[in-house]
Amino acid sequence: MSLSVMKSPLEQVVIEYAGPLTRFFQRRIRAGQDADDLVQEVFGRLARQNLSTVDNLQGYIFQIAANVLRDQARRASTRDFIVAQVEGFDAEDKAGFSPERVLQSREALQALVSALYELPQNVRDVFSQYHFDGVSQVEIARSMGMSLSTVEKQMAKANAHLLKRLRKVL
């Protein structure tokens with residue numbers, strides 16, 4: 001019996017595609033980012049799939065890799081926006097708590113709450129569980145009967161919508 005017969009389909013994919021995926025990511029990411037983490041994300045997503053039903057495995061794998069890059073870029077842009085907002089805040093600045101600033105903050109909070117209610121119920125539930133209840137995306141997917149990819153897409157949709165609304169207020 002050959003070694004490849006004894007390996008699971010996922011193990012065979014890891015052996016065959018780890019190198020090409022690493023090179024794929026290295027050509028597309030900024031210095032300082034870790035291509036290995038992105039490769040692991042691809043394999044994590046593949047582990048949740050039935051690979052025997054995939055007709056074009058290579059195309060499927062690299063489509064997942066492209067999706068991982070897009071998701072990572074969305075998270076990075078959200079993180080950069082939040083960091084930029086936080087860096088501009090000085091807790092020691094007494095003028096930061098002026099009546100005008102407090103009013104602006106209340107208006108921003110009201111806009112955020114209104115924007116949350118503009119989202120579809122399932123997107124709002126995913127966002128709320130993750131951000132307010134601290135539930136992991138994997139657990140949200142399990143409890144709501146969704147794929148992890150669907151949960152990630154709903155989080156991205158919610159984040160994009162809320163950022164768009166907050167940018168109008170701030």
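Glu 107, Ala 108, Ala 111, Leu 112, Ala 115, Leu 116 and Glu 118 in helix α5 meet His 161, Leu 162, Arg 165, Leu 166 and Val 169 in helix α8, where contact means heavy atoms within 4.5 Å. By class, this contact of α5 with α8 has 8 nonpolar, 1 polar and 3 charged residues; Ala, Val, Leu, Ile, Met, Phe, Trp, Tyr, Cys and Pro count as nonpolar, Asp, Glu, Lys and Arg as charged, and the others, Gly among them, as polar. The model is predicted, so that local features need pLDDT of at least 70 and side-chain atom pairs count only at pLDDT 80 or more, whereas totals for chains, interfaces and linings use all residues. Residues are numbered from 1 along each chain as its sequence is written, and side-chain values use heavy atoms, with hydrogens and water left out.

The helix pairs compare as follows, with axes fitted to C-alpha atoms over the stretch in contact and angles running from 0 to 180 degrees between N-to-C directions. Helices are DSSP runs (H or I, at least four residues) numbered from the N terminus.

| Helix pair | Angle | Axis distance |
|---|---|---|
| α5 (residues 99-118) and α8 | about 150° | 9 Å |
| α6 and α8 (residues 148-169) | about 90° | 9 Å |
| α6 (residues 121-131) and α7 (residues 137-144) | roughly 140° | within 10 Å |

Helices α5 and α8 are therefore roughly antiparallel, α6 and α8 roughly perpendicular, and α6 and α7 oblique; angles under 35 degrees count as roughly parallel, over 145 as roughly antiparallel, 65 to 115 as roughly perpendicular and the rest as oblique. The crossing of α5 and α8 is right-handed, and α6 also passes α7 in a right-handed crossing, a term that applies if the near helix is turned clockwise from the far one by less than a right angle.

On α6, Asn 122, Val 123, Val 126, Phe 127, Tyr 130 and His 131 meet residues of α8 that include Val 151, Met 155, Ala 158 and Leu 162. The residues of this contact of α6 with α8 divide into 8 nonpolar, 4 polar and 1 charged. Towards α7, α6 presents Asn 122, Asp 125, Val 126, Gln 129 and Tyr 130, which meet Gln 137, Ile 140, Ser 143 and Met 144, and the contact of α6 with α7 has 4 nonpolar, 4 polar and 1 charged residues.

The structure also holds 4 aromatic pairs, counted where ring centres lie within 6.5 Å, with planes under 30 degrees apart called stacked, over 60 edge-to-face and the rest tilted. One of them joins Tyr 17 and Phe 62, whose ring centres are 6.3 Å apart with planes at 70°, so the pair is edge-to-face. Because Tyr 17 lies in helix α2 (residues 9-26) and Phe 62 in helix α4 (residues 57-87), the pair ties together parts that are 45 residues apart in sequence.

The mean pLDDT (the predictor's confidence in each residue, from 0 to 100) of the protein chain is 82, and 84% of its residues reach 70 or more. Confidence is lowest in helix α1 (residues 3-6), at a mean of 54, and highest in α7, at 90.

Definitions and conventions:
Helix = DSSP H or I, 4+ residues; strand = E, 2+ residues; numbered from the N terminus. Phe/Tyr/Trp six-rings, centres within 6.5 Å; stacked < 30°, edge-to-face > 60°.
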